[in-house]
Amino acid sequence: MSGTFEIFLGTQPGLEPYLLEEAVEAGFPSPVAVGGGVTFEGTWVDVVRANLVLRGAARVLARIGSFRAFHLAQLDKRARKFPWGEVLRADVPFRVEVVTGKRNKIYHAGAAQERIERAITEELGAPVSAQAEVVLKVRIEDDNVILSVDTSGEALHKRGYKAGVGKAPMRETMAALFLRACGYEGAEPVLDPMCGSGTFVIEAAEWARGMMPGRVRSFAFEHLAPFDPEAVQNLKTDWHERETALRFHGSDRNVNVVRMANDNAGRAGVADLCTFKPVPVSEIERPGGAPGLVIVNPPYGARIGKKKDLYALYGAFGQVMLDRFAGWRVGMITSDGQLAHATGLPWLPVSAPIAHGGLKVRLYRTAVLQS
């Protein structure tokens, strides 16, 4: 583990191309998109940097090794020989999660988990805990036991600033990748007219200011043997934010939600860049200055609101965009194509479906709207 190893950046299936783009921009070595994420060969320094600086990664896994095992006794024996002390600490609790299948000779995940946990406890001395932040993820595939450690802990969308959320919130990591998919690069204003807790607006403002996404939270890698506090501090010390004259706008008809969004922006350190107002969709005004991106995650009818009542909302939104937002682009996330087309907006070819809150959603995008 002193050299390079495989690092996996997880995301929702369908968003891999945008996470790959971010990983390339961030300078990680030769990243490749795979199902559910992006992989590259890197070091523990790359693990730390990926957790701290990537906006779109949901979590970061370090592939720490593998071995073949055809039965539980062999799994036990080889698990006992594995150099756990290079990654795990004897004084830190851990837990094991196993995924296997009927095609493997070892197909009982619970039995495999028990053997690996016992081997680590007896050989290294580390205690097992169901609440442990350090999680060893084991995948048994074609009789190969593939070992990874979750270096993130809590999912990376938990940036550490959001005390309040609305119903069906958009995760920050997904919001960042949807913004990227709409061509956002931190250099234009963004407006969300159904802003909820303000996720899109705050994420866009942080990006424009060049803020480090993981600057205020803790990570599971802090409890692993290779952890170097100095490397983390150096990364934070060398990080430079930038000035921006851009402004970001959110509105929602719910006054309490608008208050929540304002509070979240304050905790994130971007309140001076963001304006949130209690305004219904039909009364949205185009902000002054250069055009930019309107992005919205409206109710879909599946969970919030009845579908038939939403046609008017989507229609009103589309009309406002066509009437007042020439020169702007529009992005919309919804699970319902009929509602999307009720806007009357000239959508480009639609994205692949993406899992979100138990539903399959798609990103609908326009080119620059014409007057």
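The radius of gyration used here is taken over C-alpha atoms, and the rule for a globule is 2.2 Å times the number of residues to the power 0.38. Keep in mind that this is a predicted model. With 371 residues, the rule puts a compact globule near 21 Å, and the protein chain has 23 Å, which agrees.

**The chain as a whole**

Let's start with the overall picture. The C-alpha trace of the protein chain spans about 70 × 45 × 35 Å along its principal axes. If you go through its secondary structure, you'll find 10 helices and 14 strands. How much of the chain is buried? Buried residues make up 50% of the 371 residues.

**Salt bridges**

Now for the charged side chains. A search of the whole structure turns up 20 salt bridges. Here are three of them, with the N to O distance for each pair.

| Pair | Distance, N to O |
|---|---|
| R89 and D91 | 2.9 Å |
| D143 and K105 | 3.8 Å |
| E188 and R329 | 2.8 Å |

Take R89 and D91, whose side chains meet in a salt bridge. R89 counts as partly exposed because its relative accessibility is 30%, while D91, at 54%, counts as exposed.

Next up is the salt bridge between D143 and K105. What does this pair tie together? D143 lies in the loop between β6 (134-141) and β7 (144-150), and K105 lies in the loop between β5 (94-99) and α4, so the pair ties together parts that are 38 residues apart in sequence. Are the two partners buried or exposed? D143 has a relative accessibility of 8%, so it counts as buried. K105, on the other hand, has a relative accessible area of 54% and is exposed.

Then there's E188, which forms a salt bridge with R329. This pair links distant parts of the chain, 141 residues apart: E188 sits in the loop between α5 (172-181) and β8 (190-192), and R329 sits in strand β12 (residues 329-334). Both ends of this bridge are tucked away by the cut-off used here, under 20% relative accessible area. E188 counts as buried because its relative accessibility is 12%, and R329 is buried because its relative accessible area is 17%.

Salt bridges can also join up into a network. Which residues do that here? R55, R159, E203, E206 and R215 are linked in a network of salt bridges.

R68, K77, R78 and K81 form a positive surface patch. Which element gives the largest share of this patch? That would be helix α3 (residues 72-81), with three residues. Why does K81 count as exposed? Its relative accessible area is 64%, and exposed means over 50%.

**The end of helix α4**

Last stop: L124, which you'll find in helix α4 (residues 109-124). Its relative accessibility is 23%, so L124 counts as partly exposed.

Technical notes
Residues numbered from 1 in each chain as written. Predicted model: local features only at pLDDT ≥ 70, side-chain atom pairs only at ≥ 80, totals over all residues. Heavy atoms only, no water. Patch = residues over 30% accessible without salt bridge, like charges linked within 9 Å, V, L, I, M, F, W, Y side chains within 5 Å. Areas by Shrake-Rupley, 256 points an atom, 1.4 Å probe, with all protein chains shown as cover. Salt bridge = Lys/Arg side-chain N within 4 Å of Asp/Glu carboxyl O. Lys, Arg positive; Asp, Glu negative; His and termini not counted. Charge placed at Lys NZ, Arg CZ, Asp CG, Glu CD. Helix = DSSP H or I, 4+ residues; strand = E, 2+ residues; numbered from the N terminus. Buried < 20%, exposed > 50% of the residue type's maximum accessible area, 1.4 Å probe, protein only.
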